[in-house]
Amino acid sequence: MRIAECDIAVIGAGPAGLAAAARAKQCGACRVILMDRDRELGGILNQCIHNGFGLQLLSQELTGPEYAEHFINEARDAGVETMLDTMVLSVAPGGRITAVNRSGGLMRISAKAIILAMGARERNRGAVTIPGMRPAGVFTAGAAQRFVNMEGYMPGKRIVVLGSGDIGLIMARRLTWEGARVEAVLEILPFPSGLTRNIVQCLNDQGIPLYLGHTVVDVHGEERVSGVTVARVDDSLKPIPGTEWDIECDTLLLSVGLIPENELTRDAGGELDPVTGGPVVTDEMETSVPGVFACGNVVHIHDLVDNVTREAWTAGEGAARFVAGRQPAGLTIRTRAGDGIRYVVPHILHLDNLAARDVRLFMRATRPDERVQVEAVVGDQVVFSKFERVVRPAEMIALTIPRGKVSSGVAAFGSETRLIVRVRPRDCDAGPKGGAKA
Amino acid sequence: MQPRRIAADVVVIGAGVVGTGIARELSRYDVRVVLVEKQADVAFGTTKANTALVHAGYDAEPGTWKARLNVRGNALYPKTCADLGVAYKNCGSLVVAATENEAGYLHELKERGERNGVPGLEVIPREQVIELEPHVNPGVVAALWAPTGGITSPWELAIAYAENAVANGVELLLSAPVTGIGVRRGRAFSVRCPGVVMDARFVVNAAGIWADDIERMVGRDDFEITPRRGEYYLFDKRVGHLVSRPLFPVPAELSKGIVVTPTVDGNLIAGPNALLVGDKGDLSTTAVGLAEVLEGARRLVPGLPIRESITNFAGLRAVAAPIGDFIIGPSPGVPNFINAAGIQSPGLTAAPAIAEAVRDILADAGLALAEKPDFNSVRKRPTRFSELGPEEQSALIESDPLWGHIICRCETVPEAEIIEALHRPVSCTTLDGVKFRTRAGAGRCQGGFCGPRVVAIIHRELGISPEKVTKKGGASFILSGRTKDPLLERADECVDEREEVGGRAHCRV
């Protein structure tokens with residue numbers, strides 16, 4: 001069996017892996033190997049041929065492949081080594097990677113640090129339990145996207161999309177442009193799951209109806225989908241009897257969310273957050289296993305690729321620091337989602353980092369709201385607060401805590417102290433609430 | 001066009017685990033056997049959607065075919081599966097009693113089992129049940145331990161039977177629905193499929209839920225099959241450790257109840273419920289049915305996490321009326337037309353014994369069975385990369401780099417394994433066919449990642465254009481055509497369409 005050694009092994013060459021690998025190399029790591037199971041670098045970006053990538057980070061509106069190209073070039077220029085068509089089979093708790101490909105066969109790769117960047121997989125029919133027949137013609141939106149954009153084949157001609165996630169919205173427009181008829185997009189929640197700009201550009205501009213508070217309750221057809229039955233749902237998301245109607249179609253596309261792909265994280269012994277489905281990480285993006293870092297959708301599902309890249313830079317820097325033995329030591333404080341917030345990443349912050357640099361927190365709101373303050377609270381003290389005109393579960397909130405805002409004095413509160421992030425209506429009394437709800 | 005004529009001693013109708021088992025049994029002898037199947041592949045009916053259990057045999061009424069063939073079939077499993085390279089695990093099984101009342105019934109079951117000749121049955125106390133199955137409902141009172149119970153892979157067995165039968169000279173016709181059976185003076189003499197006529201000295205009806213329709217073709221109407229639909233949840237391998245052997249509730253009237261069992265591939269399966277349905281094509285799952293399955297499963301294993309479910313499906317059992325037992329034997333009045341019908345549970349367990357029974361019935365009816373000297377009872381298990389150790393894996397990749405190219409990430413299936421499956425003696429041309437042979441697409445992402453790649457491999461290896469590749473034969477096409485094709489097709493209607501689209505509301509709540 002072949003054996004390779006390196007400073008840092010990065011698993012997954014999508015936007016997270018690319019940026020993390022490049023940054024780690026730029027920060028002085030010696031040998032950085034970037035592995036991916038696909039035949040090209042760039043991950044899912046390669047099939048995202050629509051534009052809108054990089055607006056925040058590169059001030060350009062790029063297509064997925066263009067955004068990927070930017071970071072592929074950066075990784076190459078930095079001297080990152082790549083291994084494509086390579087499947088990582090396992091990551092042993094000690095950090096030893098077993099991988100396989102055609103030319104190298106079965107390989108052992110030992111790295112001083114590992115960056116997990118495996119991304120996510122799509123929730124499928126089984127994961128959301130759609131009853132009915134099991135004919136051909138039920139696709140996850142991403143699988144359909146690959147067929148259309150990469151291979152040049154149509155998944156069908158009359159389409160119903162379940163779920164208003166971004167990939168589903170993008171595919172509704174793509175399939176319309178390719179000559180298919182998208183009959184409807186159904187969303188079980190009372191609000192859309194995708195970005196507002198995608199609702200506008202992909203549905204409204206194409207004349208595709210969006211049915212909020214609706215779901216598919218039956219799938220028809222023995223060989224190929226012949227139609228679906230849809231129904232309105234009540235407040236507990238259960239279909240309301242008597243509201244059903246049938247839509248004739250030959251294809252059901254599912255855009256019902258992504259699941260962080262953490263099989264290898266589990267292998268490695270990393271602790272997972274049941275809310276995000278990804279590993280518990282520090283502000284260095286280090287998992288609970290020393291030397292194993294993670295970034296991108298494997299940690300939590302992002303809305304914009306720009307945010308993935310930012311998070312990946314943090315992971316790359318963290319891994320490089322780990323290899324150099326320059327990791328922050330000392331006390332940490334855990335974050336916690338308070339009122340109106342579903343989760344906060346990272347989970348653990350180093351007080352040294354909070355003192356020395358700006359620390360960015362990513363979070364999602366539990367429900368749509370307008371004109372709110374997003375606050376970081378330690379004890380009964382609001383350490384930082386930011387006004388948001390609109391918060392929506394579909395869009396990630398970034399809260400950058402300026403350096404020095406959390407003083408090392410919080411250590412005095414004890415190890416049970418949490419940095420709680422919560423949403424507070426702006427117009428009501430700003431008096432202390434005596435700590436936010438968990 | 002002149003239909004192709006085939007002369008056969010025996011035509012077996014239906015290539016599920018029963019029909020393939022009979023064909024393989026007959027392939028030991030110097031007889032010409034044709035096995036016909038209306039679907040695109042073997043094992044595409046009841047065989048692909050059941051609980052995959054090898055029952056011990058305590059359920060059936062003593063003296064019935066079910067009781068006899070279950071116990072005999074169970075005894076034949078180890079050798080059958082060893083010869084044919086089929087997964088089989090003799091893990092024993094437990095009938096779990098939740099109340100004292102139910103515990104009393106365990107003794108009844110044990111006695112019945114003993115009358116059926118089931119070895120080793122034992123009623124074990126609560127502590128012992130919990131020791132064997134730590135995740136079982138802590139309210140358990142006692143359980144019936146059946147050491148001969150086990151699990152297998154039904155489709156692996158049917159595929160292996162078919163491959164071994166074909167290797168031993170059986171002709172297999174797929175996508176060959178029987179359209180008629182010629183009967184003259186009370187004897188069946190031919191079986192017709194589209195484009196093929198088979199002259200037959202004997203006909204065996206192993207047509208599963210369609211067996212009554214087939215029997216009507218010889219002018220008989222002795223039984224009626226009403227499919228009983230059972231729904232299932234399949235769970236991720238991650239929770240496969242929750243149970244180590246099949247757990248049954250104390251049986252209900254209609255069925256053996258909702259079972260929680262490991263599969264030979266390391267998943268967990270829960271089901272089935274039981275609902276008689278009128279439509280033989282009704283393989284739908286329902287919200288109500290799946291809720292019933294989950295509730296039943298959680299009575300046995302309260303910690304079963306629904307979020308680890310990777311798919312759900314339904315299977316149809318061939319329940320024959322008015323006879324509750326298997327219907328095995330010559331059709332009254334047509335002595336060379338042999339039924340192997342109404343094979344509901346424990347049909348999978350009984351399959352090897354049904355094959356023997358049908359063989360004996362054919363011999364009694366006058367089929368001369370001379371053993372073939374060159375019969376080969378062994379069919380090698382196809383190489384599964386994921387089952388091998390690192391040295392063997394390395395050696396394979398060295399022999400052919402495609403062993404190092406993983407197509408299905410969830411189940412670690414390399415390209416070489418898929419190619420091999422496409423070129424075996426029983427042809428496999430569909431996505432489901434590949435899935436049942438290699439497990440590509442059977443994992444937690446259910447083909448989301450490998451589906452497009454498997455379509456491309458089928459295209460390359462078999463020369464089937466991607467638009468013609470199907471999920472499971474017939475018109476179950478995966479794709480509808482090239483991109484831009486619909487634009488060309490619809491060029492004429494375009495103007496009207498635009499107006500209509502523009503008229504639709506943008507956002508309906």
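B:Lys89 sits across from B:Ile151, which belongs to strand E8 of chain B. This is a predicted model, in which local features need pLDDT of at least 70 and side-chain atom pairs count only at pLDDT 80 or more, while totals for chains, interfaces and linings use all residues. Residues are numbered from 1 along each chain as its sequence is written, and chains are lettered from A and ligands numbered from 1 in the order in which they are written.

Back to the strands. E8(B), residues 150-152, pairs with E4(B) in the antiparallel sense, over two bridges. Strands here are DSSP runs of E, at least two residues, numbered from the N terminus, and two of them pair if DSSP finds at least two bridges between them. The open, antiparallel sheet has three strands in the order E3-E8-E4 (chain B).

Now confidence. pLDDT is the predictor's confidence in each residue, from 0 to 100. Chain B has a mean pLDDT of 94, with 95% of its residues at 70 or more. Residues 494-509 of chain B fall below 50, and this stretch has 13 contacts in the model beyond near neighbours in sequence; a contact means C-beta atoms, placed from the backbone, within 7 Å. Where pLDDT is low, the predicted coordinates should not be read in detail. For the model, ipTM is 0.92 and pTM is 0.93.

Last, chain A. Its domains are domain 1 (2-121 + 259-327), domain 2 (124-256) and domain 3 (334-425), with bounds from an automatic or database domain assignment. Between the C-alpha centres of domain 1 and domain 2 of chain A there are 31 Å. Five residues of domain 1 and seven of domain 2 of chain A make the contact.

Terms used
Contact = placed C-beta atoms within 7 Å. Helix = DSSP H or I, 4+ residues; strand = E, 2+ residues; numbered from the N terminus.
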